[in-house]
Amino acid sequence: MPHHGSHRPPAPAPGGHVFPRATSTVLPDPSRFFAPPLLAAPLPTNSFFQNFTLKNGDQPEYLHPYSIRSPGGGALDVCYPTRNHSPSFVIQTFVADLTVSAAAGTAQRHRISAFDDLSVTLDVSPSLRAHLVRGCPYVTVATTAGPVDVSVASVHAFIEVAACDGAGTKWRLRMNSDQTFLLYASAPIRLAQASVTQLSAPGFAGAIRVAYLPDASMEPVLDRYSGCFPTAGDAALNRPFCVDYAWRKEGPGELLMLAHPLHLRLLSDECAVRVLDDFRYRSIDGDLVGVVGDSWALRADPVSPTWHSTRGVAEDGVGEVVAALRADVAGLASTPITTTSSYFYGKAIARAARLALIAEEVGCPDAIPAVQSFLKSTVTPWLDGSFQGNGFFYDAKWGGLVTLQGLKDSGADFGFGIFNDHHYHLGYFLYAIAVLAKIDPCWGRKYMPQAYSMVADFMTLSRNKAGGSFTRLRMFDLWKLHSWAGGLTEFADGRNQESTSEAVNAYYSAALVGLSYGDAHLVSVGATLTALEALAAQTWWHVRSGEGIYEEDFSGANRVVGVLWANKRDSGLWFAPPEWKECRLGIQLLPLLPISEALFPDLAFVKDLVTWTLPALARDGVGEGWKGFVYALEGVYDREGALAKTRALAGHDDGNSLTNLLWWLHSRGSVVGDGDGRCCWYRQYCH
């Protein structure tokens, strides 16, 4: 029997993996698009440029404010997307407004020669390199080998091609689509019209920058900052609840970038940047506003990851919670988990773990041993490799965890084997592990390496380097400030995420793992990502009519987005049509946890969302489990009404329980407000 000393063992090396190695038969080959020096390190499986690495690499990606495509043949397509919208969707459409290429063309595909949090460097041909930096109002293409004959083409007809200065370093390109692009060059360039849709520039060496001109008043600003271009960008999480951006740049002058609405909300006074309020580009994520400065500091309000409710269960509710708890705990022994799906299994063990914490909170310690024993028998087999029918393995091709079922079937476990939904599945497992390690520290010490390996799979902070096991922040996008859920699947609309609440659960659960193991750094990083994910959900998934991010026909008809894509907002879900509003509300709330307060802090919005959802419950066949989540939010402002409805439920979501719903409703109490109807969940920090 292994001996467990009383001291805490050192944490496993960050990024280490302890699960057995296996080779997937369904993962694509990364060597087709990544330059050879990058292949020795783990590679991103869910990044903003993932389409450039999949199949033919020719689907566009949205880099704000442009959609960019590398169609092959040494060309780069630049699109300033137009938007179509209706009450059920908002979508950006791709058109090749401008195409920059080497006139000679090439048979080889593009190569990714470098990437980081804020940029990707694309060698579109042996002689042309594109520095694609997110939020840059210019797209920069530089020659890499002597003078190159360059072609600038469009799907539209050019109706004006004019040199704007005597030097030939600025040109105005006007098309019959009513669009104007400005072209800046680091050296004189001679553009000649080869045809109505194509311009040629012989023997050019240097950097070409193209920028769409949304409004004539913006031209002097584009002129002023056209000399300085970013080539790379770093986002650092070195301080709690802060993200620091720093760009590498070339050329003279100051750096002009664009900020989305959440950036603008979080931009800290401590960074010396100038915001240009009148310099705006349209975007599906809201207006992008000019910011001058090559380093930004973004600061969010702190979130405190707690095991229990922030207000406590009301005394008059304790008896009801305890009665439900005893029944639910007794049910653990009689209803074993039968699924082998990593997602549904994770939900089942996290559901059980909630019962132990609620037992602690309502003073019912005698219920905990049965939960502890259930968790030990259900969680351990996934960690020691003895689980029959599935389990976690490590695949070195991209560098990450996969499941046994996902090794041969890309659709198994909702695509976990091709890196879909890792934060969702692992978040549930980590929640159960955190709770079990808290109530059984001896077990926790034994399985600490596996726990940390699961955290590292989607929360590694170190840069992608040779010898590492996992890519940096697999799911979290440090520019958008939320996660994406899709993995190595090519989508014309780019990355996507449905359930923000399950993303919040992942980072919150990782913070709880940190609490269990006394790891202050993990608590801090988990809490920081939790705070950012919740803010992004409130910014882009929670829809407030009249707010202006989305068109009024869409924002008038919806209170939550179903699936949010890089280029699209959908009212439907992966598993349900738009009219199943209770599913849309539920998938943005589950699992119900203490942290759910931080995700829905706005009382007026909660009321609006529930009012919008309730009529859908009159449909035939609405699942009892989904009703429970609607009543949970209703209980934020009408506890008695929600309690009556909850007591009448005939069933619950497989990750939820009557105990958990009653715990939530009885711990709502009076909202401690700060005058504007928002619950001051951070009140311990407000003084």
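Helices H9 and H10 are roughly antiparallel to each other, a label given to angles over 145 degrees, with under 35 being roughly parallel, 65 to 115 roughly perpendicular and the rest oblique. H9 covers residues 500-517 and H10 covers residues 520-541; their axes cross at roughly 165° and come within 7 Å. Axes here are lines fitted to C-alpha atoms, for helices over the stretch in contact, with angles from 0 to 180 degrees between N-to-C directions. Helices are DSSP runs of H or I with at least four residues, strands are E runs of at least two, and both are numbered from the N terminus.

This is a predicted model, where local features need pLDDT of at least 70, side-chain atom pairs count only at pLDDT 80 or more, and totals for chains, interfaces and linings use all residues. Residues are numbered from 1 along each chain as its sequence is written, and side-chain values use heavy atoms, with hydrogens and water left out.

The contact (heavy atoms within 4.5 Å) includes Tyr 507, Tyr 508 and Val 513 of H9, and Leu 522, Glu 533 and Trp 541 of H10. By type, the contact residues of H9 with H10 divide into 15 nonpolar, 4 polar and 1 charged. Nonpolar covers Ala, Val, Leu, Ile, Met, Phe, Trp, Tyr, Cys and Pro; charged covers Asp, Glu, Lys and Arg; the others, Gly among them, are polar.

Next, strand E22, residues 288-292. How many of its residues are buried? The count is 5 of 5, where buried means under 20% relative accessible area, exposed over 50% and partly exposed in between, using a 1.4 Å probe and protein chains only. Leu 288, Gly 290 and Val 292 lie on one side of E22, Val 289 and Val 291 on the other, and both faces are covered.

E22 pairs antiparallel with E20, residues 256-259, over 4 bridges; pairing requires at least two DSSP bridges between two strands. Met 257 is opposite Val 291 of E22. E21, residues 274-281, also runs antiparallel to E22, joined by 5 bridges, and there Arg 280 faces Val 289. The hairpin of E21 and E22 has 6 residues between the strands, and Gly 286 in that hairpin has a positive phi near 100°.

Last, an open sheet of 5 strands, antiparallel, in the order E4-E5-E30-E29-E28. E4 (82-85) and E28 (496-497) are the edges, each with a single partner strand, so one side of each has no neighbour in the sheet. E4 is joined to E5, residues 89-93, by 4 antiparallel bridges, and Thr 82 has Thr 93 of E5 as its bridge partner.
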